[in-house]
Amino acid sequence: MEGFGKRLVAAREKKGYNQKQFAELLGITPTRLNYWEKDKREPDFFMFTQIINTLGIDANQLLGIECPMNEAITKTEKELIEAYRSHPEMQAAVNKMLDITEESTVGETVIKDIAEEVESAMNQAKSNV
């Protein structure tokens with residue numbers, strides 16, 4: 001099994017950084033980075049957070065935790081999820097369009113009714129063209 005250090009090296013190299021460049025980005029010495037990469041020491045939580053943010057990778061990936069669902073989600077899919085979550089007023093319409101059913105609350109029922117009315121109006125407009 002691959003250790004943290006090897007995963008860190010692979011992620012750093014994938015971004016095209018050498019040890020010196022990456023250490024400078026993190027505000028540490030190359031020696032300190034080398035200790036992490038050789039599995040002699042581990043970064044603290046603050047530095048770990050800086051590492052994943054700087055490399056733009058998932059924490060689970062760097063820790064070697066298998067999360068098949070996270071690996072399958074693309075950047076575009078993540079953006080869609082964020083947009084979906086930030087627009088609760090549209091969630092029912094999106095769910096209906098994608099034929100996703102779930103237990104609905106009173107608010108969702110109202111939104112679903114509105115979405116159905118909008119869909120009906122759109123269909124009428126299409127038929128009139």
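**Close-up 1. The largest nonpolar core of the predicted model.** This core has 16 residues, and Leu8, Trp36, Ile51 and Leu62 touch the most other members. Four helices each supply at least two residues of the core: α1 (4–14), α2 (19–26), α3 (30–37) and α4 (45–55). The largest share comes from α4, with 5 residues. The model shown here is predicted. In soluble globular proteins, nonpolar side chains tend to be buried together.

**Close-up 2. The contacts of Leu8.** Neighbours within four places in sequence are left aside in this view. Leu8 is then in contact with Phe22, Leu33, Trp36, Glu37, Ile51, Leu55 and Leu62. Among these partners, Trp36, Ile51 and Leu62 are also listed with Leu8 as the core residues that touch the most other members.

**Close-up 3. The salt bridge between Glu37 and Arg12.** A search of the whole structure finds 1 salt bridge. In this salt bridge the side chains of Glu37 and Arg12 meet, at 2.6 Å from N to O. Glu37 belongs to helix α3 and Arg12 to helix α1, so the pair ties together parts that are 25 residues apart in sequence. Glu37 has a relative accessible area of 8% and is buried. Arg12 also counts as buried, at 6% relative accessibility.

**Close-up 4. A nonpolar patch on the surface.** The patch is formed by Met97, Leu98 and Ile100, which together have about 320 Å² of accessible area. Met97 lies in helix α8, which covers residues 88–97. Met97 counts as exposed because its relative accessible area is 63%, and exposed means over 50%.

Definitions and conventions: Residues numbered from 1 in each chain as written. Predicted model: local features only at pLDDT ≥ 70, side-chain atom pairs only at ≥ 80, totals over all residues. Heavy atoms only, no water. Core = buried A, V, L, I, M, F, W, Y, C linked by side-chain atoms within 4.5 Å. Buried < 20%, exposed > 50% of the residue type's maximum accessible area, 1.4 Å probe, protein only. Contact = heavy atoms within 4.5 Å. Salt bridge = Lys/Arg side-chain N within 4 Å of Asp/Glu carboxyl O. Patch = residues over 30% accessible without salt bridge, like charges linked within 9 Å, V, L, I, M, F, W, Y side chains within 5 Å. Areas by Shrake-Rupley, 256 points an atom, 1.4 Å probe, with all protein chains shown as cover.
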